[in-house]
Every structure is written in structure tokens, then in C-alpha cells.
Amino acid sequence: MGCYYSINFGLGNAFEGLFEDIGEAKSYAEENVELNRQHIKIHDDEGKLLSTSHWNGVAPTADEDVLVDFGKHGYYSNWMDV
């Protein structure tokens, strides 16, 4: 059946789509993230914030919890569910 989720990449508009579950929405976000230096937020169809991946504008250290690495430009941290 699936649910609608809104993925906000911080670019002023959000991608809205039907996903099987929050995990599938997160995977979509990870596959489509760009170096825009904004947090990524996933909301449910009622606008409730479900999860965030924070942008960090420095290169990650070995002990960081990295979702997507852009090297010296920075990285997105793993998802933090609300």
C-alpha cells in the first residue's frame, strides 16, 4: 500500500512521493542527495517531521556517523529519527 512522504533537501521545494515505508524514503533521499549544504528532512503526509540528516561543513573524522561523504567539503550524518 505505501505512504506518502515529503523529502526536503533544503532547496526551497520538497520531493513528495509514495514509498513502501520510511526506510524506502530514506534510501531515495540518500541516492538523490547533492552537495547543497542543507539538512535533509523527511516528513509524513500530515507534515510531521520523522527524520533528519544533518549537514556538517567539515571533512568527517574516522569516528563520525556518516551517511553521505563529500570529502573536504563536508558530509551528511546518519539519520536521526524523531
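Biologist: How do I read the open sheet here, and in what order do the three strands come?

Modeller: Strands of a sheet pair through backbone hydrogen bonds, either parallel or antiparallel. In this predicted model, the open sheet has three strands in the order E5-E7-E6, with antiparallel pairing.

Biologist: Which strands stand at the edges?

Modeller: Those are E5 (55-56) and E6 (66-69). Each has a single partner strand, so one side of each is left without a neighbour in the sheet.

Biologist: How many bridges join E6 to E7?

Modeller: Three bridges join E6 to E7, which covers residues 75-77, and the two strands run antiparallel. To see one of these for yourself, find valine 66: its bridge partner in E7 is serine 77.

Biologist: Now to the loop between E6 and E7. Where does histidine 73 lie, and is it buried, exposed or partly exposed?

Modeller: Histidine 73 lies in that loop.

Biologist: Which residues does histidine 73 touch, not counting residues up to four places away in sequence?

Modeller: Histidine 73 touches Leu35, Arg37, Trp55, Asn56, Gly57 and Val58.

Biologist: Let's turn to aromatic rings. How many aromatic pairs does the structure hold?

Modeller: It holds seven aromatic pairs. One of them is formed by phenylalanine 70 and tyrosine 76, at 6.2 Å centre to centre with 70° between the planes. Planes over 60 degrees apart count as edge-to-face, so this pair is edge-to-face.

Biologist: What about charged side chains: how many salt bridges does a search of the whole structure find?

Modeller: Side chains of opposite charge can pair when their charged atoms come close. Here the search finds one salt bridge. Lysine 26 forms a salt bridge with aspartate 81, and their closest N and O atoms are 2.8 Å apart. The pair links distant parts of the chain, since lysine 26 is in helix H1 and aspartate 81 in strand E8 (residues 80-81), 55 residues apart.

Biologist: Are lysine 26 and aspartate 81 buried or exposed?

Modeller: Lysine 26 counts as buried at 13% relative accessibility, while aspartate 81 is exposed at 52%.

Biologist: Which residues is lysine 26 in contact with, leaving aside its neighbours within four places in sequence?

Modeller: Lysine 26, in helix H1 (residues 22-32), is in contact with Ile42, Ser51, Trp79 and Asp81.

Biologist: Where is valine 82, and what does it touch beyond residues up to four places away in sequence?

Modeller: Valine 82 is in the segment after E8. It touches Leu49, Leu50 and Ser51, and Ser51 is also among the contacts of lysine 26. At 71% relative accessibility, valine 82 counts as exposed. Its C-alpha atom is separated by 17 Å from that of tryptophan 55, 27 residues apart along the chain.

Conventions
Residues numbered from 1 in each chain as written. Predicted model: local features only at pLDDT ≥ 70, side-chain atom pairs only at ≥ 80, totals over all residues. Heavy atoms only, no water. Contact = heavy atoms within 4.5 Å. Pairing = 2+ DSSP bridges. Phe/Tyr/Trp six-rings, centres within 6.5 Å; stacked < 30°, edge-to-face > 60°. Salt bridge = Lys/Arg side-chain N within 4 Å of Asp/Glu carboxyl O. Buried < 20%, exposed > 50% of the residue type's maximum accessible area, 1.4 Å probe, protein only.
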